[in-house]
Amino acid sequence: VLKLIQADRPRLLIADEVGVGKTIEAGLILKELQARREIRSVLVICPKPLVAERKWLEELRRFDEQFVHLDGPALRYCLDETHLDGIWPQQYARAILPYSQLDENLLMGKQQGRKRQRGLLDLDPPPAFDLIIVDEAHHIRNTDTWAYRNVRYFCDNAEAVVLLSATPIQLGDNDLYTLLHLLRPDVLPSRLEFEQMAEPNPYINIAVEAARSAGDGWADVVAAAIDQAAATPWGRSVLLADNRLQQARDMLASEDDS
């Protein structure tokens, strides 16, 4: 919650293990945002079984939040009303949408005889939700799918976005890049920035493991690993400017080895 509300842009990927309460974390984020400002519209995107099992509906009810499910007719109504009024209809302002609805027709629209069925891209202005919650976000790791493109559309026009996934990495770190790029394309415009940002991680992990083991000469191992992390391009441009790096070095140089 603190990480989201203190960010320069409220975007977050929560990648906790299965069964430790990611849904509850999302509920806490919603309540905290509401305590700070008015949250009028919230969209939860999740797999269809979680809609059928009413999981999100019941979890949000624990937070005194009333949501509705968006089926095909309701979604079509929302698009038509948004086109006419310029805003998403109030009765569906807190809604749960299954991935199964995120197809080509939703985004692009389609022609039915002489009548055009509008898609999201036809809406001007686009629907702007105060908060988007995407559960099991690994379902959108493939950028060539309509699910990804629809979610990207909603997220690009949202004030705050939270992605939830116990397994954000399934086929290598490209999956992780896809999700982080969706959240913050301004910070990670390409794979190059992602790889530079990740380059210090092995050295930082060595430092963490050495400090936790507290074996003989652990402080020297930590100090050397920190120096290696700081010597990477990302380390030189970002880590060296972070006061916490110097604090860590000062602690390692002190007599206190607790």
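This is a predicted model: local features need pLDDT of at least 70, side-chain atom pairs count only at pLDDT 80 or more; totals for chains, interfaces and linings use all residues.
Figure 1. The view belongs to a chain with 13 helices and 8 strands. Of its 258 residues, 41% count as buried, and its C-alpha atoms fill a box of roughly 75 × 40 × 30 Å along the principal axes.

**Figure 2. Strand β7 and its two neighbours.** Here we look at β7, which spans residues 131-134. Strand β2 (residues 42-46) runs parallel to β7 and is joined to it by 4 bridges; within this pairing, Val44 has Ile133 of β7 as its bridge partner. Strand β8 (residues 160-164) also runs parallel to β7, again with 4 bridges, and Leu163 in β8 is the bridge partner of Val134. To get from β7 to β8, the chain passes through helix α7 (residues 146-156), making a right-handed β-α-β crossover. Which side chains cover the faces of β7? Leu131 and Ile133 lie on one side, Ile132 and Val134 lie on the other, and all of them are buried.

Figure 3. Two of the bridge partners can be picked out by eye: Val44 goes with Ile96 of β4, and Leu43 goes with Ala95 of β4. On the β3 side, 2 bridges join β3 to β4, and these strands run parallel as well. His69 stands opposite Ile96 in β4. How many residues of β4 are buried? The count is 5 of its 5 residues. Arg94, Ile96 and Pro98 point one way, while Ala95 and Leu97 point the other way.

**Figure 4. The largest pocket and its lining.** The largest pocket holds about 1000 Å³ of space. Its lining is made up of 24 residues, and those nearest the centre are Lys3, Leu12, Leu180, Val187 and Met197. If you are wondering where to look in the fold, β1 (11-14), α8 (173-183), α9 (191-198) and α10 (201-213) each supply at least two residues of the lining.

Figure 5. Ser165 sits in the loop between β8 and α8. Is this residue buried or exposed? Ser165 counts as buried because its relative accessibility is 1%, and buried means under 20%. Its side chain makes a polar contact with the side chain of His138, at 3.0 Å.

Figure 6. The peptide bond from Asp124 to Pro125 is cis, with omega near 5°, and Pro125 lies in the loop between β6 (115-117) and β7. Arg54 has a positive phi, near 60°; look for this residue in the loop between α3 (48-52) and α4 (55-61). With 37% relative accessibility, Arg54 counts as partly exposed. Glu136 also has a positive phi, near 50°, and is found in the loop between β7 and α7. With 28% relative accessibility, Glu136 counts as partly exposed.

**Figure 7. Ala230 in helix α11.** The last stop is helix α11 (residues 218-230), where Ala230 is located. At 5% relative accessibility, Ala230 counts as buried. How far apart in space are Ala230 and Ala241? They are 11 residues apart in sequence, and from C-alpha to C-alpha the distance is 9.9 Å.

How values were computed:
Residues are numbered from 1 along each chain as its sequence is written. Side-chain values use heavy atoms; hydrogens and water are left out. Buried means under 20% relative accessible area, exposed over 50%, partly exposed in between (1.4 Å probe, protein chains only). Two strands pair if DSSP finds at least two bridges between them. A crossover is right-handed if, with the strands pointing away from the viewer, the path from the first strand over the helix to the second runs clockwise. On a 1 Å grid over the protein atoms alone, a cavity is a set of points where a 1.4 Å probe fits but cannot get out, and a pocket is an open set with protein on both sides within 12 Å along at least five of seven lines; lining residues have an atom within 4 Å of a point. Grid points are joined across faces, edges and corners, and a volume is the space filled by probe spheres set on the points. A polar contact is a pair of N or O atoms within 3.5 Å; within protein, one must be able to donate a hydrogen and the other to accept it, and residues adjacent in sequence count only if both atoms are side-chain atoms.
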